Amino acid sequence: MQIKDKVAFITGAAQGIGKAVTDALLQKGAYVAVCDVDSDTGEQTVTEFAKQYGDDRVIFLHCDVTKKDSIKSAMQRTTDKFGRLDIIGNNAGITNEKQYDLCVDINLGGVVRGTWLGLDFLRKDKGGNGGVIINMASMAGLMAVPMVPTYAATKAGVIGFTRSWGASMDYDQHQVRVNCICPGFTDTQMTKEETVEEKRAKGLLHSEALVAIMSESLKLSTNAVADVFIQLVEDDTKNGAVMALVSEQPVQEVKFPDIFTNVEK
Ligand SMILES: NC(=O)C1=CN([C@@H]2O[C@H](COP(=O)(O)OP(=O)(O)OC[C@H]3O[C@@H](n4cnc5c(N)ncnc54)[C@H](O)[C@@H]3O)[C@@H](O)[C@H]2O)C=CC1
Ligand SMILES: CCCCCC(=O)/C=C/[C@H]1C=CC(=O)[C@@H]1CCCCCCC(=O)O
């Protein structure tokens, strides 16, 4: 898909990876709705981008991905404002092993809701233009991560959900591609040493070792993750793709074994 003049809806876009994705889309000439529960930071981000790209290009919308009505009304306001919707980035996410139900509700529930509700706006067979949905998973969804088991499970869920949509038998009717990204540690608020230490002290993370591991890790830049997002929007051959990227290595599409090919019929 050519990004110029297309309309994007990005959750968790007030800061971090979502903010970098917004910047990359604006650079390519898109219109973007910056959606987040954090209105103060979200408004600041939009003011910053409006100065750079024009105030007709970007809006802030308060949106809580744990609530269907909130997502639906933010999507409606996006199409009312910009006249169409083409790209959805289900990016909002948290780490919180103490409130494991909230972690599931945001990280997996938010992606599931954002995809189903987004499809109603994008589907070609329901008056949309077709489009692309990109879900933010994590390397934690591809590995065993004993320090954050709930977080890892939510991200594995995002991968399964994305791959299943990518295998949709109705693609010709809806024409919506669904892909996901699995970044390793990325330089955002989520992986700041103070944030992680603070969370560990409150019992929100499962292990003390995490602080040490994260402070020693080489982190990806948010721009590196945003580049993969742009690649997935632009490359019309990608559907159900799971893109893994870790610091200092080229991005790789993860290939999964087809266990059924080895089963004796
Ligand atoms: N930072 C990292 O190392 C990695 C992050 N990720 C994933 O990338 C995504 C973005 O993470 P970061 O930018 O690092 O985090 P961040 O903490 O900097 O940003 C997350 C944003 O999500 C928003 N948010 C939280 N709950 C929300 C809700 N209910 N509704 C709407 N917005 C909500 C926050 O207000 C915040 O602006 C998350 O899904 C995260 O799991 C994946 C791999 C690595
Ligand atoms: C190795 C998994 C990479 C995870 C990338 C990611 O999503 C990071 C998120 C972290 C931010 C705060 C956390 O609690 C998150 C998960 C940390 C996973 C730690 C794994 C350490 C290891 O086993 O090497």
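This is a predicted model: local features need pLDDT of at least 70, side-chain atom pairs count only at pLDDT 80 or more; totals for chains, interfaces and linings use all residues.
Residues are numbered from 1 along each chain as its sequence is written, chains are lettered from A and ligands numbered from 1 in the order in which they are written, and side-chain values use heavy atoms, with hydrogens and water left out.

**View 1. The shell around ligand 1.** Ligand 1 is surrounded by 29 residues, each with a heavy atom within 4 Å of the ligand. The closest are Asp 36, Asn 91, Tyr 151, Thr 186 and Thr 188. By class, the shell holds 14 nonpolar, 11 polar and 4 charged residues (Ala, Val, Leu, Ile, Met, Phe, Trp, Tyr, Cys and Pro count as nonpolar, Asp, Glu, Lys and Arg as charged, and the others, Gly among them, as polar). Helices α1 (16-27) and α5 (149-166) each supply at least two residues of this shell (helices are DSSP runs of H or I with at least four residues, strands runs of E with at least two, numbered from the N terminus).

**View 2. Polar contacts of ligand 1.** Contacts shown here are pairs of N or O atoms within 3.5 Å. A polar side-chain atom of Asp 36 lies 2.6 Å from a ligand oxygen, and a side-chain N or O atom of Lys 155 is 2.9 Å from an oxygen atom of ligand 1. Val 65 takes part through a backbone N or O atom, 3.0 Å from a nitrogen atom of the ligand. The protein covers 93% of the 830 Å² of accessible area that ligand 1 has on its own (Shrake-Rupley method, 1.4 Å probe).

**View 3. The largest pocket.** Ligand 1 sits in the largest pocket, in the sense that more than half of its atoms lie within 2 Å of the grid points. A pocket is an open set of points on a 1 Å grid over the protein atoms alone, where a 1.4 Å probe fits, with protein on both sides within 12 Å along at least five of seven lines; lining residues have an atom within 4 Å of a point. The space amounts to about 1300 Å³, taken as that filled by probe spheres set on the points, which are joined across faces, edges and corners. Of its 50 lining residues, Gly 93, Ile 94, Thr 95, Tyr 151 and Met 190 are closest to the centre.

**View 4. The second largest pocket.** This pocket holds about 180 Å³ of space. Its lining includes Met 1, Arg 84, Asp 86, Tyr 171 and Asp 236, and comprises 2 nonpolar, 4 polar and 6 charged residues.

Terms used: A polar contact is a pair of N or O atoms within 3.5 Å; within protein, one must be able to donate a hydrogen and the other to accept it, and residues adjacent in sequence count only if both atoms are side-chain atoms.
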